[in-house]
Amino acid sequence: MTDNITVTLAGSRMNLSSAFGGVTGEANATRIRLVFDESWEQLTKKVTFFDAAGENPVVRTLTTDLLEAGSTLIYLCPIPPEPLALAGEMSFVVDGWTDGVRARSLEGTLNVGYAPQDDTAGVSANPTPTQAEQLQAEIDAIKTDIVAAASAVDAKEAAKTAQAGAEVARAAAEQSAQAAAASASTAATFSSVAAGSADEAEQAKQAILSLGVQGVTLDAGGMVSVEKIVAVDESVTLKFSIPRGDKGDTGETGVTGATGPQGVSIVSVIRTSGTGAPGSTDTYTITLSNGQTSTFQVYNGADGADGEGVGDMLSSVYDPQGKAQDVFAYAAQKTHAAEHAAGGSDPVTPESIGAAEAGHTHTPASIGAAAASHSHAATDI
């Protein structure tokens with residue numbers, strides 16, 4: 001099933017016979033029948049399709065294989081799959097150019113209806129070939145036509161040559177034997193010429209078969225051109241220069257994403273059971289901002305035994321006899337006295353040996369006696 005939408009182009013103006021271009025998921029099922037006026041006749045033409053979002057441009061070059069039979073200004077161009085990918089209003093524009101002249105049509109629009117599609121139901125349509133691939137296919141078709149035409153020319157020329165030789169031979173035979181002999185000579189000459197023509201035709205045929213094709217990508221905005229290159233060995237190469245497509249516009253900023261869910265935080269941590277006493281277990285409850293709760297337990301270790309003293313050495317350790325004197329001076333005196341016992345020669349003073357001064361007094365209290373004047377109770381004695 002193939003539907004045609006007639007698009008009449010008069011200069012830049014465009015008139016469509018229908019506003020419906022197809023449904024989503026279709027490919028090459030509907031054709032636009034482009035009818036050009038004479039102003040487009042000498043131009044190389046192409047159609048650029050856009051999807052309903054105005055994006056993903058696809059170019060279809062109007063090559064000779066798209067011509068309607070018997071016409072040079074009517075093309076049957078299938079609508080490729082890319083502009084039918086989205087439901088809505090797809091669009092297309094026709095361009096033509098030659099020798100620095102460029103013509104453009106107004107924008108045409110077609111409605112694309114929505115139809116659900118199951119990608120597993122079948123293989124989707126292949127993407128539209130690039131401009132270079134479309135031109136290469138056109139060149140291959142032309143080469144095939146040229147070879148066929150060359151073969152036909154060879155056969156026609158050979159038949160004409162044979163017919164002419166036969167006519168000359170027949171006429172010469174009717175005149176005379178001498179003329180017949182001359183005709184035979186003439187026929188031989190024609191045969192030789194025909195053989196030479198056959199050689200030239202074969203050389204031309206081989207040149208066509210060995211025709212080379214080269215493609216070059218130009219910067220965007222360049223003009224399409226074809227250059228014929230003849231090598232030293234007389235082989236011919238056609239060099240096609242094709243511009244890169246224009247860079248598409250930057251897409252619109254995407255829609256702001258939805259607000260994420262409310263975060264959860266800790267509201268409080270409270271001891272809900274236990275006293276904190278040593279050797280006991282307390283329970284703590286955590287309350288979150290969303291109302292949820294959880295608990296954990298903490299064991300309270302027992303108190304250790306108190307240490308003895310306050311850090312200083314006790315007098316019972318360093319002064320067990322209760323002398324209550326400077327231990328360093330006491331040690332020095334004892335050492336000095338020992339030196340005298342061994343024959344020391346320095347003077348001996350009461351102080352140097354730890355004795356009292358030579359003239360001194362005692363009180364009853366200093367020698368542990370009762371006071372000089374005292375009395376006794378009957379119970380004391």
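**Notebook: burial, salt bridges and rings**

I began with D282, which counts as buried at 1% relative accessibility; by the cut-offs I used, buried means under 20% relative accessible area, exposed means over 50%, and partly exposed lies in between, with a 1.4 Å probe and protein chains only. I note that this is a predicted model, in which local features need pLDDT of at least 70 and side-chain atom pairs count only at pLDDT 80 or more, while totals for chains, interfaces and linings use all residues. Residues are numbered from 1 along each chain as its sequence is written, and side-chain values use heavy atoms, with hydrogens and water left out.

**Salt bridges**

I looked up what D282 pairs with, and found that its side chain meets that of R271 in a salt bridge at 3.3 Å, N to O (a side-chain nitrogen of Lys or Arg within 4 Å of a carboxyl oxygen of Asp or Glu). D282 lies in strand 15 (residues 281-288) and R271 in strand 14, so the bridge ties together parts that are 11 residues apart in sequence. R271 itself is partly exposed, with a relative accessible area of 40%. I also noted that D95, R102 and R104 are joined into one network by salt bridges that share partners.

The structure holds five salt bridges, and I checked another one, between the side chains of R33 and E68, at 2.9 Å, N to O. R33 is in strand 4 and E68 is in the loop between strand 6 (58-61) and strand 7, so this pair ties together parts that are 35 residues apart in sequence. R33 is partly exposed at 21% relative accessible area, and E68 is partly exposed at 22%. I then turned to R244 and D219, whose side chains meet in a salt bridge at 3.8 Å, N to O; D219 is exposed, with a relative accessible area of 60%.

**Aromatic rings**

I counted rings of Phe, Tyr and Trp (its six-membered ring) as a pair if their centres lie within 6.5 Å, with planes under 30 degrees apart called stacked, over 60 edge-to-face and the rest tilted. By this rule the count comes to four aromatic pairs. F36 is buried at 5% relative accessible area, and W40 is buried at 1%. Together, F36, W40 and Y75 form one aromatic cluster.

**Whole chain**

To place these details, I noted that the secondary structure of the chain comes to four helices and 16 strands, and that buried residues make up 21% of its 381 residues. I also looked at contacts, meaning heavy atoms within 4.5 Å: of those with a separation of 6 or more, 56% are accounted for by residues 24 or more positions apart.

Terms used
Helices (H or I, at least four residues) and strands (E, at least two) are DSSP runs, numbered from the N terminus.
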